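Colleague: Could you take me through how the overall fold and the surface of a model like this one are read?

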Amino acid sequence: AFYRALGPARLRARNVALAAEGAAMVAAAWGTEVLTPAAMAGSMALVALPFAVEPTREAARATRTRIWHEHRVEVPVMAFGGACHVRVSAQIYNEPADYRRLAGIFAR
């Protein structure tokens, strides 16, 4: 019903705005930065982790697993550009509270 009420164009615009807002919220709470230029972000953005993680697929996977087991938050952790980052994204089922929860995990 929500999808039909918004329609595809408005839903895409909502997801782009929500992802940007969520990424900015997480980066501000963590004292890091959003690494994806707004023009390239769409409904996803990379946010720097507030601590160093070896930039390998295995270390990223371990960090993702740790976040899930310790906080019950599902967020992709990506090894990219010599560091690991989280991928903040928005879909029809996301809301601002989801990003506040993620932000609170490593808030400074």
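Predicted model: local features only at pLDDT ≥ 70, side-chain atom pairs only at ≥ 80, totals over all residues.

Modeller: Residues are numbered from 1 along each chain as its sequence is written, and side-chain values use heavy atoms, with hydrogens and water left out.

Colleague: In what order do the elements of the chain run from the N terminus on?

Modeller: Helices (H or I, at least four residues) and strands (E, at least two) are DSSP runs, numbered from the N terminus. Here the order is α-α-α-β-α-β-β-α, which comes to 5 helices and 3 strands.

Colleague: How many of the residues of the chain count as buried?

Modeller: Buried means under 20% relative accessible area, exposed over 50%, and partly exposed in between (1.4 Å probe, protein chains only). Of the 108 residues, 36% count as buried.

Colleague: Which residues form a nonpolar patch on the surface?

Modeller: Patches take residues with over 30% relative accessible area and no salt bridge, joining like charges within 9 Å and nonpolar side chains (Val, Leu, Ile, Met, Phe, Trp, Tyr) within 5 Å; a salt bridge is a side-chain nitrogen of Lys or Arg within 4 Å of a carboxyl oxygen of Asp or Glu. In this chain Phe2, Tyr3, Ile92 and Tyr93 form such a patch, with about 430 Å² of accessible area together, by the Shrake-Rupley method with a 1.4 Å probe, where for residues only the protein chains shown count as cover. Tyr3, found in helix 1 (residues 2-6), is partly exposed, at a relative accessible area of 43%.
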